[in-house]
Amino acid sequence: MCYSKRLLLLGILLVLLFVTPMAQHCYQTGNYTSNSTYRANLLGLLASMSNNTKIDYGFYNFTAGENADKVNAIALCRGDVTPDECRSCINSTSQQLLQSCPYQKEAIQWYDKCSVRYSNRSIFGIKEEMPMFAFYNTQNASDVEGFYNVLRPLLDRLRKSAAFGNSTRKFALGSEKAPDFQTIYALLECTPDLASIDCNNCLESLARYTSSCCNGRKVGGRFVAPSCDLRYEIYSFYDPAAESPPPSPPPPPTPIAQPVPPPPQQLLPPTKGTYGKRHFVLFWLYNVYKSYCANVLSFMDRKGILREEYYI
C-alpha cells in the first residue's frame with residue numbers, strides 16, 4: 001500500500017520537458033509573514049550563500065536565527081562548475097524559489113547546475129528521497145537491451161564512486177560507448193553531508209526509478225531528490241575536463257630477484273702472538289733439559305754408578 005502510494009506520488013511529480021530541467025516544491029509545513037524575523041533571516045541566509053567567496057567546492061549548509069525563527073539552508077552546485085557559475089546559479093535559483101513559494105517556511109528548487117533548499121527544521125546530514133522528480137527525453141533507444149546493458153553498469157560504477165566521496169564532495173561523472181555509435185554520459189551527486197551509505201541508497205533509488213518509469217528505453221533523463229541527483233544523456237552536458245581518465249592497466253608483475261651467493265671467504269695469514277712465542281721457548285727449554293739428563297746418565301753409567309750385578 002505504501003509502495004503504491006509512493007509510485008502514485010512519483011507519477012504525479014513526473015515532468016516531461018525539452019528545456020533545461022527545473023522543478024521546485026513548496027512544502028506545506030508552515031508559513032511566515034512579509035515582515036517577520038524568519039523572512040529576514042531567510043533573505044540574509046540566501047544572500048550570504050550566493051556572496052560567499054571562501055567556499056570553492058560548491059556546497060553550502062548555513063543556519064541563521066534561533067528557536068522559531070531559525071532557518072537551515074543547503075545549496076549544492078554540480079561538481080564540474082566553476083565557483084563563479086555556482087554562486088550565480090545559487091543567486092538566480094534563490095530568487096526564483098522565493099517567487100515560486102512565497103511565505104513557505106520550507107521549499108526546494110532544482111536547476112541545471114545547482115539546487116537550493118531551506119527549512120525551519122533540521123535538514124543537515126539527513127537522507128531525504130521525497131519528493132522525487134523525473135525529467136526524461138521522449139526518444140527511445142533503438143537497441144533497448146544493448147543500451148540498458150551499458151547504462152546500468154555505468155550508473156552502478158558512478159554511484160559507488162560518488163558515495164565514497166568526502167565531506168565536501170560526493171560527485172562522480174563518466175561516459176561509456178553504447179550501441180549505434182552512441183556514447184552515454186552520466187553524472188551522479190549527493191549532498192556531501194550525507195553518510196556514504198545514505199548517499200549510496202539515495203542514488204540507488206533514483207537508478208531504480210530510471211527503469212521503473214521508462215523501462216530503460218529513454219536515451220536521456222534527470223532524476224532528482226532533496227538529497228541526491230542523477231542525470232544521463234547521449235550528448236555531453238558537463239565539462240569533459242572533469243571526467244577522470246579510465247583506470248590504467250595494472251603493471252606487469254615484478255620478477256623475483258634470485259639470491260646472490262655470498263663472496264668466498266678469504267683466509268687471513270697467521271699473525272705472531274704471545275702464545276706462539278711462549279710455546280717456542282718452552283719447547284727449547286725441554287730439549288736443553290733432555291740433552292742435559294742424557295749426558296748425566298751417560299756419565300753415571302760409565303762410572304758404574306747405575307750398574308747392578310746379580311750373582312747366582
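Here are some questions and answers about a predicted model.

Q: Why is S94 called buried?
A: The cut-off for buried is under 20% relative accessible area. S94 comes in at 2% relative accessibility, so it counts as buried. You'll find S94 in helix α3, which covers residues 83-100.

Q: How do you know that the side chain of S94 makes a polar contact with the backbone oxygen of I90?
A: A polar contact needs a pair of N or O atoms within 3.5 Å. Here a polar atom of the S94 side chain lies 2.7 Å from the backbone oxygen of I90, so the pair falls within that limit.

Q: Which residues does S94 touch, leaving out those up to four places away in sequence?
A: They are L46 and V116.

Q: What makes the span of helix α5 close to the expected one?
A: Helix α5 runs over residues 196-214, which is 19 residues. From first C-alpha to last, α5 reaches 27 Å, and 27 Å is what you'd expect at 1.5 Å a residue. Several α5 residues are buried, including C199, L203, L206 and T210.

Q: How many cavities of 30 Å³ or more are there?
A: The count comes to two. The largest cavity holds about 190 Å³ of space. It is lined by 23 residues, and the closest to its centre are L76, W110, S115, R222 and D229.

Q: What makes up the lining of the largest cavity, by class?
A: There are 12 nonpolar, three polar and eight charged residues. Strand β6 gives the largest share of that lining, with four residues.

Terms used
Residues are numbered from 1 along each chain as its sequence is written. This is a predicted model: local features need pLDDT of at least 70, side-chain atom pairs count only at pLDDT 80 or more; totals for chains, interfaces and linings use all residues. Side-chain values use heavy atoms; hydrogens and water are left out. Helices (H or I, at least four residues) and strands (E, at least two) are DSSP runs, numbered from the N terminus. Buried means under 20% relative accessible area, exposed over 50%, partly exposed in between (1.4 Å probe, protein chains only). A polar contact is a pair of N or O atoms within 3.5 Å; within protein, one must be able to donate a hydrogen and the other to accept it, and residues adjacent in sequence count only if both atoms are side-chain atoms. Contact means heavy atoms within 4.5 Å. The expected span of a helix is 1.5 Å times one less than its number of residues. On a 1 Å grid over the protein atoms alone, a cavity is a set of points where a 1.4 Å probe fits but cannot get out, and a pocket is an open set with protein on both sides within 12 Å along at least five of seven lines; lining residues have an atom within 4 Å of a point. Grid points are joined across faces, edges and corners, and a volume is the space filled by probe spheres set on the points. Ala, Val, Leu, Ile, Met, Phe, Trp, Tyr, Cys and Pro count as nonpolar, Asp, Glu, Lys and Arg as charged, and the others, Gly among them, as polar.
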